[in-house]
Amino acid sequence: MDSSPVSPAVADIRASVAHDAERASFTTFEESTAADWSVIASQLPVTQAIAAANIIEQLRMLERDHGGFPVTRLEHSLQTATMAEEDGRDAEYVLCALLHDIGDTLAPYNHPDIAAGILKPFVSPANHWMVQHHGIFQGYYFWHHIGLNRDARENFRGHEFFEYTEEFCAKYDQAAFDPEYVSAPLEHFEPLIRQFFVPESTTETYNALR
Ligand SMILES: [Fe+2]
Ligand SMILES: [Fe+2]
């Protein structure tokens with residue numbers, strides 16, 4: 001089990017929730033009441049605030065692994081996001097660029113699904129599709145070196161988001177492995193993460209817990 005300490009902000013949130021939050025009283029779902037579910041529903045914004053903090057922690061943990069690539073997985077993520085930002089992309093796109101590989105060390109065989117799942121409620125269908133399919137589109141640049149079909153993405157040719165996803169890989173994802181590139185630090189993107197993952201209604205609760 002990983003024994004790395006979590007950030008003080010995350011620890012504070014977890015402690016507050018654990019000690020202060022009202023709880024439902026059932027021991028099985030079968031005996032639960034509407035009142036119980038009202039209590040639980042009221043906690044969802046708090047959980048979402050914790051999710052934002054956990055996303056930042058998970059990105060930070062990408063620094064532990066380089067997977068044989070020239071830069072760490074965190075640096076690749078920062079580089080992809082920085083390049084998108086410097087290219088004038090909007091905040092949502094930059095967020096997707098930053099998170100697209102957050103699942104690399106959680107689900108190496110299907111990592112795009114992790115990012116796509118996290119982002120889905122908060123981003124446009126185009127950005128969600130782009131993140132979900134970036135793996136097969138990125139394959140164009142290297143799958144022929146590992147015995148796979150680099151043109152597998154052609155199965156999606158004609159899809160409304162094909163060119164959009166193709167562009168993401170061409171301009172940013174496949175180009176973000178330069179050890180000499182100076183990326184913005186993770187701290188630069190933390191407000192962006194909180195902006196998207198902590199809805200306005202939750203901000204007060206979140207700040208009170210920090
Ligand atoms: Fe990826
Ligand atoms: Fe990537």
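Guide: A word on terms before we count: helices here are DSSP runs of H or I with at least four residues, and strands are runs of E with at least two, numbered from the N terminus. Please also keep in mind that this is a predicted model.

Visitor: Which residues are buried in α7?
Guide: In helix α7, which covers residues 162-171, the buried ones are Thr165, Phe168 and Cys169. They lie on the same side of α7, because they cover an arc of only 90° around the axis.

Visitor: What do they pack against?
Guide: The buried residues of α7 pack against α6, residues 125-138.

Visitor: Switching topic, where is Gly139?
Guide: Gly139 sits in the loop between α6 and α7.

Visitor: Why does Gly139 count as partly exposed?
Guide: Gly139 counts as partly exposed because it has 18 C-beta neighbours inside 10 Å, whereas a buried residue needs 20 or more.

Visitor: Which residues is Gly139 in contact with?
Guide: If we leave aside neighbours within four places in sequence, Gly139 is in contact with Leu148, Arg150, Ala152 and Arg153. Gly139 and Arg153 are 14 residues apart in sequence, and their C-alpha atoms are 7.9 Å apart in space.

Terms used:
Residues are numbered from 1 along each chain as its sequence is written. Chains are lettered from A and ligands numbered from 1 in the order in which they are written. This is a predicted model: local features need pLDDT of at least 70, side-chain atom pairs count only at pLDDT 80 or more; totals for chains, interfaces and linings use all residues. A residue is buried if 20 or more other C-beta atoms lie within 10 Å of its own, exposed if 12 or fewer, and partly exposed in between; C-beta atoms are placed from the backbone. The arc is that of the directions from the helix axis to the C-beta atoms. Two residues are in contact if their C-beta atoms, placed from the backbone, lie within 7 Å.
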